[in-house]
Amino acid sequence: MIELVHVRVRRADLHTRLPFKYGIAVLTETPHAFVEVALRVDGIEARGVAADHLPPKWFTKNPMRAVAEEIAELVDVVTTAGRLALGGRGATIFDLWLEAHHRMEATRRERGWPPLLAQFGTSLVERAAIDAFCRAKGLTFAVALRTGALGLRLGDIHPELAGHAPAQLLPAAPLARASVRHTVGLADPLQAGDTTTPLADGLPETLEENIAAYGLRQFKVKFTGPQDLPRLERIFGLIAPALAAPGGWLTLDGNESFTDVGAFQAMWSALQALPAWARVRGALGCVEQPFHRAVALEPTTTGALLAWPERPPLIIDESDGELDSLRRALAGGYIGTSHKNCKGVFHGVANACLLALRAEREGRRGLQTGEDLSNIGPVALQQDLAVQAALGIASVERNGHHYFRGLSFLPENVQVQVVAAHPDLYARHARGFPALRIRDGQLDLGTVNAAPFGVGFWPELDAFPTVG
């Protein structure tokens, strides 16, 4: 029997090293939450931890609300998820999560929270509980998943998966490396002349500098509408040589910018007419979430998509807020979804298995991409990579190292812990702080896969205050 006996939420307030513009928001500072739990597993107490940013304007995308109001709501969601999960009991970690999920679903309806926001709070408790369980049992996440130790019943999420186990549908072993798909934000400097006050902090700043410093071959390019076409022409020209190398891959992110298919069709036609598009179109993997979540899965939108046979490969991201979202998306003309831990670990695993089963049974083309919430260590990044590796997702958007100054926000003792436990993933920068090690456009995942749930040490977080 497993029981959740303690939950604590800590908060760190972070500042970006350069603005991250995504859709309607420009991120310059954000809270970062750590959730610590204690489980009683067969009478033995074990600790676990999870973490993530609390970024305003991502979970709700409401331009009318104040940023401070959204941050307060995010904190409320996370602390509420912890309170609702406290005291939960189950035979397995999956049972524990399912009970917490149902409690949060009832609360979100009462409070008027959107599904994606509520699911985020539950996901932090879920991740911390998985971490505690793996530490208690001496198992890695990949082994716990494939041996059934987590108790995941796929049919409880996608009914057509009833009777199937993750080990039947997922790779036999986690990936040893992941390719970094670099985010090109809407305000990122592309070349040296685009910034009048260089940061001079020892890290690459422009797109050109990032390609040269990290050996990048994969990119995620954001756009919002026709006003971005001149910028897209420049970006495509800059990344074309890197995309032409082995492993080159491109995804485009529409950032929920369109509310009808006709407007997106016009944008797509204009984008394809760009001279530089011919140099990169062969590397295109998908277009992510071009439609606002309010309309993306509505019959008017999906009907228009199904009536457009020349549509590009489309996936959902922010619309993947409920357990059946992928099923509805596949029926409506999309080819898949994204995985990021903030949407839920068991949710993402079940989605991967659904796509694998459909490919096996029906030969349908499906896609699950690895995306980002501007993830950083010492916890969130490694746990997200552990799941991506277990799902066999070889291309993972990573941008936390780009928008934040390494792990300089951490106390020195935790910086020492990170580098000692994950020397293949982090190294001391010349300026002293731990920075992500990206070599030839890839991350080595050896220590991530060998850790209980991505994190090979217990982070000492007492420097950060508790909330809630």
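Arginine 311 touches Leu305, Leu306 and Gly333, leaving out residues up to four places away in sequence; contact here means heavy atoms within 4.5 Å. This is a predicted model, in which local features need pLDDT of at least 70 and side-chain atom pairs count only at pLDDT 80 or more, while totals for chains, interfaces and linings use all residues. Residues are numbered from 1 along each chain as its sequence is written, and side-chain values use heavy atoms, with hydrogens and water left out.

Let's stay with arginine 311 for a moment. You will find arginine 311 in the loop between α10 (299–306) and β9 (314–316); helices (H or I, at least four residues) and strands (E, at least two) are DSSP runs, numbered from the N terminus. The side chain of arginine 311 reaches the backbone oxygen of leucine 305 at 2.9 Å. Arginine 311 counts as partly exposed because its relative accessibility is 24%; buried means under 20% relative accessible area, exposed over 50%, and partly exposed in between (1.4 Å probe, protein chains only).

Now turn to threonine 337, which lies in strand β10 (residues 336–339). With 0% relative accessibility, threonine 337 counts as buried. Not counting residues up to four places away in sequence, its contacts include Ile315, Ile316, Asp320 and Leu367.

Next comes the nonpolar core, a set of buried Ala, Val, Leu, Ile, Met, Phe, Trp, Tyr and Cys residues joined through side-chain atoms within 4.5 Å. The largest one has 151 residues, and Phe236, Ile239, Leu250 and Leu252 touch the most other members. Helix α3 (residues 115–137) gives the most to this core, with twelve residues.

Conventions:
A polar contact is a pair of N or O atoms within 3.5 Å; within protein, one must be able to donate a hydrogen and the other to accept it, and residues adjacent in sequence count only if both atoms are side-chain atoms.
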